[in-house]
Amino acid sequence: MAVEGGGQRGPLFERNGVPGTSSAPVDMDTAIVLLGAGVTAITHPLLYVKLLIQVGHEPLPPTVGTTMFGRKVLYLPGFFSYARHIVRVDGKRGLFRGLSPRVMSSAISTIVRTKVKQTVPAEDTEQVSNRDDLKTSFRKVVRETSHEMVVQCLSRIATQPFHVISVRCMAQFVGREVKYSRGLFSCIAKIFQEEGVGGFFVGLIPHVLGEVIFLWCCNLLAHLINTYAVDDNFSQAPAVRSYTKFVMGIAVSVLTYPFMLVADLMAVNNCGLAAGLPPNSPIFKSWVHCWRHLGVQGQLFRGSSFFFRRAPLAVTALD
């Protein structure tokens with residue numbers, strides 16, 4: 001295999017001794033999977049608290065606070081208060097309820113993305129900033145985004161069953177159930193027995209829609225800004241362009257958050273858990289019905305913030 005500098009290396013051997021193949025890609029894939037599992041485990045308490053807020057579970061009373069303008073309002077508990085409550089009820093291990101299916105989902109997502117990219121490789125990415133090449137650069141962005149969309153959709157379809165299981169495991173905290181606490185295979189059997197194959201894919205449509213909209217808006221907005229707003233004569237243009245997509249991702253993720261919220265609520269709705277049944281939640285006929293209900297209640301962004309969560313009504317009597 002040729003290396004930098006024009007040198008040659010000897011025959012490469014895989015772990016099974018087959019000449020001409022390298023174990024480096026396998027080791028790299030394993031490292032990526034392990035890294036993803038580690039990140040998933042570290043961030044799981046955040047996602048757990050977020051999920052409980054999304055389903056509307058507020059076990060702690062609000063506290064009186066003051067805005068920057070001196071007005072007294074009610075603040076719902078933030079992440080740390082909520083996490084301490086979970087530890088008091090379930091212990092420190094309780095913060096990692098539903099972690100196993102999330103780790104499995106992360107690993108499968110990494111594998112699917114790698115295999116799809118190997119099977120359908122994307123064209124080499126190249127930033128085109130010259131305005132004479134606008135049509136060429138736009139077509140390139142469309143091709144790259146289309147490829148990313150295929151990868152993302154296939155990954156989401158493959159991991160949705162484990163996402164559903166994870167969400168339901170975490171949502172059991174609301175009603176103190178143990179329905180989905182007997183292991184991954186038990187959860188799979190329970191869902192298949194009660195809901196069939198369709199039970200593994202509840203909430204898939206809003207999830208995919210949200211991710212596709214996010215992907216296209218983020219890439220197209222970043223392309224337009226890099227092309228029209230960033231002057232090539234500006235000395236820091238390359239640095240600015242490198243951060244544009246990241247900033248756009250943050251902005252667009254706020255707009256597409258309701259899709260993620262609806263997807264999570266549909267994963268829990270009417271599955272036999274208290275979190276998805278009246279009086280905690282209406283029984284929704286479809287994800288559109290869920291969206292409309294949240295819109296009427298002004299709750300389409302419920303759970304989008306961990307801190308400074310204001311209660312629906314201000315405390316005017318305390319002024």
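This is a predicted model: local features need pLDDT of at least 70, side-chain atom pairs count only at pLDDT 80 or more; totals for chains, interfaces and linings use all residues.
Figure 1. The structure contains seven aromatic pairs. In one of them, Y257 and F301 are stacked, with a distance of 6.4 Å centre to centre and an angle of 15° between the planes. Y257 belongs to helix 7, whereas F301 sits in the loop between helix 8 (287-297) and strand 3 (309-310), so the pair ties together parts that are 44 residues apart in sequence.

**Figure 2. An aromatic cluster of four phenylalanines.** One aromatic cluster is formed by F79, F80, F306 and F307.

**Figure 3. The largest pocket and its lining.** The volume of the largest pocket is about 1300 Å³. Its lining comprises 42 residues, and those nearest the centre are R113, Q152, R156, H207 and E211. By residue class, the lining of this pocket consists of 18 polar, 14 nonpolar and 10 charged residues.

**Figure 4. Helices around the largest pocket.** At least two lining residues come from each of helix 1 (24-54), helix 3 (99-119), helix 4 (134-175), helix 6 (204-229) and helix 7 (237-268). Helix 4 gives the most to the lining, supplying 13 residues.

**Figure 5. Surroundings of H207.** H207 is located in helix 6 and is among the residues nearest the centre of the largest pocket. The residue is classed as buried because its relative accessible area is 5%, and the limit for burial is under 20%. Leaving aside residues up to four places away in sequence, H207 touches R156, Q160, H163, F259, M260 and A263. One of these contacts, R156, likewise lies nearest the pocket centre, together with R113, Q152 and E211.

Figure 6. The average pLDDT of the protein is 84, and 82% of the residues score at least 70. Residues 1-21 have a pLDDT below 50; in the model this stretch makes 22 contacts beyond near neighbours in sequence. For residues 314-319 the pLDDT is also below 50, and this stretch has 10 contacts beyond near neighbours in sequence.

Methods
Residues are numbered from 1 along each chain as its sequence is written. Side-chain values use heavy atoms; hydrogens and water are left out. pLDDT is the predictor's confidence in each residue, from 0 to 100. Contact means heavy atoms within 4.5 Å. On a 1 Å grid over the protein atoms alone, a cavity is a set of points where a 1.4 Å probe fits but cannot get out, and a pocket is an open set with protein on both sides within 12 Å along at least five of seven lines; lining residues have an atom within 4 Å of a point. Grid points are joined across faces, edges and corners, and a volume is the space filled by probe spheres set on the points. Helices (H or I, at least four residues) and strands (E, at least two) are DSSP runs, numbered from the N terminus. Ala, Val, Leu, Ile, Met, Phe, Trp, Tyr, Cys and Pro count as nonpolar, Asp, Glu, Lys and Arg as charged, and the others, Gly among them, as polar. Rings of Phe, Tyr and Trp (its six-membered ring) pair if their centres lie within 6.5 Å; planes under 30 degrees apart count as stacked, over 60 as edge-to-face and the rest as tilted. Buried means under 20% relative accessible area, exposed over 50%, partly exposed in between (1.4 Å probe, protein chains only).
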